[in-house]
Amino acid sequence: MNKKEARKWLFSIIAWGAAVVWFSPILWMLSTSLKPTLVATTERVPRWLPDPLTFANYQAIISPAVGAGLLQAFINSVLVAVASVLLLLLVATPAAYALSRLHFFGRNFIFWSYVVVLAFPGAIFLIPHFLIIKDIGLMNNLWALVLPGLGATFGVFLLRQYMLGIPRELEDAAWVDGCSRLRFLIFIVVPLIRPALGVLALMTFLGSWTSFLWPLLVLSTPDNFTMPLGLVRFTAGWGDPFRGIGPTMAGAFIAVLPTLIIFVLGHRYLMRGISLGAIGK
Amino acid sequence: MSSVASQVPFKRTLRAPLKRALREAGAFMFLLPHFALFVLFVVYPLGYGLFISFHRWTLLDPPRYVAWGNFVRIWGDARFWDAVMNTVVFAAISVPITVALGLLLALLLNQQLHGRLWLMVAFVSPVFFSSIGILLSWNWVLASFPAGLVNFYLMQAGLLTLPVSWFGTPASAWFWIIVITVWWIVGFGTLLFLGALQKIPPEQYESAMIDGAGAWARFQHITLPWIRNVLIFETVRQVILAFGLFDQVFILTGGGPGGATRTMVLYMYQMGFDRQQLGLAAAISWYIFIVIILFGLIQLAFIARSVRSAED
């Protein structure tokens with residue numbers, strides 16, 4: 001083994017050791033979710049490998065009796081996240097196209113307004129959003145979780161940054177061929193910016209999936225709860241927070257799992273998107 | 001085209017502006033759907049929020065104009081200043097740790113390693129997890145009865161004789177809120193720094209090695225200048241994020257013990273939705289805005305530069 005290879009192994013061992021410790025709260029969550037609650041709360045020495053191993057906690061949270069709507073909360077979370085992603089892509093793509101390639105009165109003013117609000121803290125929107133949603137009658141409605149986010153400018157900004165990289169000549173060629181702006185956007189621009197659309201879709205999905213404070217304000221009945229709210233209610237339902245720790249950890253793991261899968265599959269996209277938002281090229 | 005136009009100057013002068021206006025209107029149609037949502041959910045709320053903050057606004061009685069009354073009341077509210085102090089101290093401690101650790105992890109992950117993807121999953125993926133999911137898990141890890149993992153291992157090591165209720169005293173509550181927050185969000189910076197590190201040309205390190213530069217010198221003179229901008233960007237982003245601290249204190253401590261972990265956003269939430277004083281809550285939100293506007297401006301400068309770099 002040469003020196004380089006030895007160095008690689010040394011660093012790997014250190015990194016893996018640190019990684020296992022770092023990830024242990026999630027591993028412990030998974031481990032607990034596979035134990036009967038009584039075992040989890042009474043074992044004298046923590047057992048990382050559950051014995052006996054049981055899937056009863058997962059069955060319990062899916063069942064209407066114990067789950068108390070956690071399955072519905074999962075479905076609601078998926079619905080809200082998917083609707084947020086699709087609608088945002090639908091409105092942000094043409095907007096980014098208009099702000100990067102088309103010309104109209106006030107374009108620069110609007111674009112810089114879009115940029116300026118990127119720096120505003122979310123807190124100042126909370127109270128007015130709450131009252132607007134109340135005024136338009138969407139309290140305790142899942143649309144209340146989708147709509148306010150569609151006005152956010154980050155997605156438009158991200159897509160515009162990416163569209164600026166499309167060569168001008170392509171557009172000129174399309175013009176000569178008599179291609180309309182809409183057709184050009186759909187058949188030429190959209191395929192070219194697929195990576196940026198992917199990034200935006202991932203970030204929007206993650207943002208929607210993990211959102212807590214806003215759903216807490218506007219949703220009031222359990223049948224409309226999203227996963228984070230459902231979990232908080234589910235935990236509170238046991239009185240003593242650890243009396244239902246088995247099913248609670250199962251629910252928490254279900255809440256974390258989709259984002260874990262997204263990260264494993266899409267980490268390259270996420271890295272690119274984060275850099276694109278921060279430093280342009 | 002221009003020769004044709006010069007043959008019929010009269011027609012051109014009449015039609016051209018109209019055609020242009022139509023073309024511009026057509027172009028604006030692409031923006032319109034998003035722009036309408038932008039006006040409804042960004043522009044209008046800004047004005048509305050300001051309007052609310054000048055009124056006594058509860059959900060029961062009709063709003064009453066109180067001029068600067070809400071701002072004055074919040075200014076004289078000791079609880080508010082405690083919340084400001086809590087948030088500032090939290091930011092001052094957690095942001096440097098988050099940024100430094102994020103950089104350290106990025107440097108580690110930038111090495112030749114076995115199973116790098118899975119190391120990334122361990123260190124980075126938590127930032128994308130649901131706050132509630134991970135907070136419930138941490139709550140369980142820190143449990144005092146029955147003894148959670150932390151209490152168990154500390155007792156094993158002989159550092160504790162009895163399980164500790166970690167959220168019982170302000171100091172230990174803050175300690176764990178900071179640990180959990182850093183653990184949760186450090187991955188974003190790691191990902192950002194990793195992207196920047198991978199852009200550094202390897203030749204620079206090679207020639208520095210030939211010149212006999214040590215590891216620290218190479219970091220200082222090559223790595224740091226290359227990633228400086230990302231480093232500042234991430235620091236500013238973390239500061240703004242830290243001032244929004246809510247989920248952790250809401251779930252783990254509820255602001256206790258005795259308001260010691262109450263943050264600005266938590267206080268705004270309690271004012272607006274527990275006490276139903278939306279006017280006062282809106283006033284708090286503008287104070288939050290004022291506190292972090294400086295960082296917002298730095299962030300804007302960065303965004304403006306990235307816009308320029310993409311436009312070139």
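Modeller: The expected span of a helix is 1.5 Å times one less than its number of residues. Helices (H or I, at least four residues) and strands (E, at least two) are DSSP runs, numbered from the N terminus. This is a predicted model, in which local features need pLDDT of at least 70, side-chain atom pairs count only at pLDDT 80 or more, and totals for chains, interfaces and linings use all residues. Residues are numbered from 1 along each chain as its sequence is written, while chains are lettered from A and ligands numbered from 1 in the order in which they are written.

Colleague: What span should the 20 residues of helix H1 of chain A have?

Modeller: Helix H1 (residues 3-22) of chain A should span 28 Å, and its end C-alpha atoms are 28 Å apart, which agrees.

Colleague: How many residues of H1(A) are buried?

Modeller: A residue is buried if 20 or more other C-beta atoms, placed from the backbone, lie within 10 Å of its own, exposed if 12 or fewer, and partly exposed in between. In H1(A) the number buried is two of 20, so this helix lies largely in the open.

Colleague: Which residue of chain B has a positive phi although it is not a glycine?

Modeller: That residue is B:Ala67, with phi of about 50°. B:Ala67 sits in the loop between strand S2 (64-65) and helix H3 (69-75) of chain B. B:Ala67 has 9 other C-beta atoms within 10 Å, so it is exposed.

Colleague: Where is the cis peptide bond with omega near 5°?

Modeller: This bond runs from A:Asp51 to A:Pro52. A:Pro52 belongs to the loop between helix H3 (37-42) and helix H4 (56-62) of chain A.
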